[in-house]
Amino acid sequence: MNATNTTELMHTLGQQAKAASALMAKASAATKQRALLGLAALLRANVDALQLDNNKDLERARAAGLAEPMVDRLKLTPKVIETCAQGCEQLAAMPEIIGDITGLKQMPSGIRVGQMRVPIGVFGMIYESRPNVTIEAASLSIKSGNAAILRGGSEAIESNRALNLLVQRALLDAGLPADAVQLVPTTDRAAVGQLITMPQYVDVIIPRGGKGLIERISAEAKVPVIKHLDGNCHTYVDDPCDVAMAVTVADNAKTQKFSPCNATESLLVARGVAAEFLPKIGAIYAAKEVEMRCCPESKAILSAVPGADLKDATEADWSEEYLAPVISIKLVEGVDEAIAHINRYSSHHTDAILTKDHMHAQRFLREVDSASVMVNTSTRFADGFEFGLGAEIGISTDKFHARGPVGVEGLTSLKYVVLGEGEVRG
C-alpha cells in the first residue's frame, strides 16, 4: 500500500470513528450490555474457527523464526478465548457510569454545580503480539461509550481480523454502528504514523507493547498518550515479616510468569530477616533456574544454596526490566532505605511490601510513588481483571488522566454541569 493510499485509509477510519463515537456516546446501558453479552456468545460459538485463523499466524511466526515465547503470546487457545468471553460478561454486569452526575453542590447564587462522566470520544490502540487485546480493547470501548481504532501487531493480523469481525457482528446485532470498533486492515507501519497524528479524529492514543514501540509513539504523537514504558517492579521483604508467607509471595511474584510487566524484577530484603529468608527463597529460585544478580551481602548468604545461579549485580541491574528468569537482590537496612531505593530505581509501575508492621505498611503505601502499591501480596495482581475492572486496556505509569490499570473509568472524562432555575449573574 503506497503512502497516499495509507493516508486516505487512515483518514477514512478516523472519519468513521468520529461519526460512530457520537452514536456510542448516547447508546443506552442496555444496548451496550446486549453488545457485550452478544460478543461473549460469539466468541464461545467460534472457538474452532478462531483457532484456524490463529494457526495461520502461528505458522507464519514460526516460519519467520520468531522465538517460542513470542509465539506463545500469539496463541488463541480455548482458555484464552474463554477468558475474553468472561471479561465481556464481567463488563456487562458492571454498573453504568456514563452520564453519572457526582458532587452536585448548591452555590450561593442558587445554581447547582456538579460533574458528569462522559466518554473520551475516539481512542487509538496500538499493540503487539497478543490478539486477545483486540477483545479487551473492543469490550472496554463498548462499555465506555467510545469508538476505537485498533492497530494490532502484523504477526497477529489473521487472528485480529477474525476477532474484529465478531466484534462488529455483536455491535450490529445490538443496533450499534459497526464502525465503533475498527481494525486497521494493513500491516504497513506508516498507518501507525498516521493514527498518532490525527487529533481531528483521535482523542487519545494507548500504546501497549515493548519499550521501543512506546518510546516511538510518545515522541511522535500529536495526540495525548496513555503509556507505561516498562515494569521494573519491586518486592520488599520487611523486618518484621511472616517469613513463610514472604517466601510464597516472592516466589509467585517472580516465577508465576516471567514475561508480564507486573512480575517482580527486584527483591529488596531487610538485613534483620535476610539470614532466615534468603536461603529459603534462594532454594526455590535455584530449583526454577532463576538467575540471581546480587549485592555482595546477599551473595554471601545465597552462596550456601546448592545450585544457585549467582551473579554480581551492577548498577544497571537495579533499573532493569528482565521479563525473564532473572532477578536482582539487594539487602537494605529497613523501610526507609527500601522506599528510597524504589523511588530512585522503580519504573513506578507496581511495588509491594511484605511486613507484619502496620506503620511500615502505611508508610510504604503513602510514600512509594508508583501506580499500584501493595501490602502482603504478589505484584502479579496488578491487572485490570484482578482489580475487578472487567478488562484493562493497559497499565499507565503516567500521573495524569489515568494511572495504574486502565479500565472503563480511565476511558472517560468529566464535564461540569450546571443546573439552574433562571438565575442570572449579578
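Modeller: Among contacts in the chain (heavy atoms within 4.5 Å) between residues at least 6 apart in sequence, 72% join residues at least 24 apart. This is a predicted model, in which local features need pLDDT of at least 70, side-chain atom pairs count only at pLDDT 80 or more, and totals for chains, interfaces and linings use all residues. Residues are numbered from 1 along each chain as its sequence is written, and side-chain values use heavy atoms, with hydrogens and water left out.

The chain has 14 helices and 16 strands, which are DSSP runs numbered from the N terminus (helices H or I of at least four residues, strands E of at least two). Its radius of gyration is 24 Å, close to the 22 Å that the globule rule gives for 426 residues, so the chain is as compact as a globular protein of that length. That radius is taken over C-alpha atoms, and the rule is 2.2 Å times the number of residues to the power 0.38. The C-alpha atoms fill a box of roughly 70 × 70 × 40 Å along the principal axes. Of the 426 residues, 51% are buried (under 20% relative accessible area; exposed is over 50%, partly exposed in between; 1.4 Å probe, protein chains only).

Now the contact itself. Helix H13 spans residues 335-345 and helix H14 spans residues 358-367; their axes come within 11 Å and cross at roughly 20 degrees. The axes are lines fitted to C-alpha atoms over the stretch in contact, with angles from 0 to 180 degrees between N-to-C directions. H13 and H14 are therefore roughly parallel to each other (under 35 degrees; over 145 is roughly antiparallel, 65 to 115 roughly perpendicular, the rest oblique). The crossing of H13 past H14 is right-handed, meaning that the near helix is turned clockwise from the far one by less than a right angle.

On the H13 side, the residues that meet H14 are Val335, Asp336, Ile339, Ile342 and Asn343; their partners in H14 are His360, Arg363, Phe364 and Glu367. By type, the residues of this contact are four nonpolar, two polar and three charged. Ala, Val, Leu, Ile, Met, Phe, Trp, Tyr, Cys and Pro count as nonpolar, Asp, Glu, Lys and Arg as charged, and the others, Gly among them, as polar.

Thr264 is buried, with a relative accessible area of 1%. Leaving aside residues up to four places away in sequence, Thr264 touches Cys233, His234, Thr235, Ala253, Lys254, Ile327 and Thr379.
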